[in-house]
Amino acid sequence: MIRFLHHVGLSVPDLEVGRAFYEAFGLEARVSGEHLVLRCKGRGQDQIRLMPGSPKHLSYVAYGTDAAGMKQVRKNLKSHNVTLEDAPFNIDSKGIWFRDPSNDWVHICEGVEAPAAPRPTPEVNTHGRYRRIGQRACDLTSSSRIATPLRLGHLIKFSPDMDKSIAFYTQVLGMKVSDRAGDILGFLRFGCGGDHHALGLAKSSHSGLHHLSFEVMDIDEIEMGAQSLMAKGYISAFGLGRHVGGSNYFHYIRDPWNSLVEYFWDIDVIPEDDSDWVVLNAAGPHELAAVWAVGPPKEDFAHNYEVPDGAEQGPSMALNEALAHG
Ligand SMILES: [Fe+2]
């Protein structure tokens with residue numbers, strides 16, 4: 001039913017601090033009323049909408065679908081007694097709004113996913129399949145050593161009730177489970193096929209954003225992006241490495257409010273006809289974390305820094321403890 005990830009809305013205490021970080025990450029910013037909208041260069045689709053608010057929190061996630069998908073979503077929401085609500089934010093977007101079992105806002109609009117800006121695909125010389133002949137891999141003329149993200153590929157958000165959340169996103173919105181670690185971590189993809197995960201759910205006492213992940217063109221771009229952010233003083237949380245869940249290469253950097261952003265490349269893609277895909281039911285999240293990585297994740301890699309409603313300080317959460325003891 002839902003077919004693609006459109007964008008996310010974040011409330012942050014300082015839009016200009018957000019602009020500086022996300023521009024350094026490789027996105028383009030433009031003012032939209034009282035908000036700041038971030039897009040991938042050359043791609044006509046919002047990816048992040050920063051709205052004034054404190055403390056920082058994930059405000060909503062927007063997905064897209066086609067006319068048939070929208071009809072089915074409306075039907076499913078009704079049959080599961082999920083109420084459609086008025087738009088909670090001042091955003092110029094047609095579509096429907098409702099809350100998921102974590103009480104997080106979900107927005108679904110009808111439309112088509114915007115294509116990423118066209119770029120030449122780097123050729124790779126693998127034994128037995130040499131494709132880059134007579135050309136250097138490195139562009140010696142380029143003075144730019146930063147990343148240019150192509151698209152927002154996925155997010156992972158915290159959830160206090162994994163079974164309820166997974167049931168909601170699969171039964172009501174048509175997603176499928178790609179891999180899972182009990183009630184600690186679950187990776188969900190769209191039923192129409194595509195990336196191994198568009199949405200990940202991680203167990204916590206309360207909801208919140210763990211990370212946003214953007215696709216780049218190759219492993220070099222992951223690291224050039226991460227290194228350039230680190231040179232500006234932003235903190236590396238995990239990487240470079242290669243995940244088990246999704247197989248993508250990764251590097252995570254902390255944003256100014258302790259959520260994470262990830263550069264990724266080479267994620268598993270699962271077709272709509274997925275009869276050959278075997279779901280991995282891992283004993284713990286550590287089994288899905290990394291085939292290899294340059295060093296372990298930082299101690300607080302899976303900590304939920306978002307503050308629950310009405311509390312001053314968020315407690316530590318299950319995923320972080322499971323990773324630490326795994
Ligand atoms: Fe990720």
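A: Asp 161 caps the N-terminal end of α3, where one of its side-chain oxygens lies 3.3 Å from the backbone nitrogen of Asp 163 (a polar contact pairs N or O atoms within 3.5 Å, one able to donate a hydrogen and the other to accept it; sequence neighbours count only through two side-chain atoms). The model is predicted, with local features requiring pLDDT of at least 70, side-chain atom pairs 80 or more, and totals using all residues. Numbering starts from 1 along each chain, and side-chain values use heavy atoms, without hydrogens or water.

Helix α3 covers residues 162-172 (DSSP runs: helices H or I, at least four residues; strands E, at least two; numbered from the N terminus). Its buried residues include Met 162, Ile 166, Tyr 169 and Val 172 (under 20% relative accessible area, 1.4 Å probe, protein chains only). Just after α3, Gly 174 adopts a positive phi of about 85°.

Glu 306 sits in the loop between β21 (292-293) and α6 (318-325) and is buried, with a relative accessible area of 6%. A polar atom of the Glu 306 side chain lies 3.1 Å from the backbone nitrogen of Leu 58.

Leu 58, in β5, stands opposite Leu 10. Strands β1 (residues 4-12) and β5 (residues 57-65) pair in the antiparallel sense over seven bridges (pairing needs at least two DSSP bridges). An open sheet of seven strands, with mixed pairing, has the order β2-β3-β4-β1-β5-β7-β6. Its edges are β2 (28-32) and β6 (96-99); each has a single partner strand, so one side of each lacks a neighbour in the sheet.

Key:
Buried < 20%, exposed > 50% of the residue type's maximum accessible area, 1.4 Å probe, protein only.
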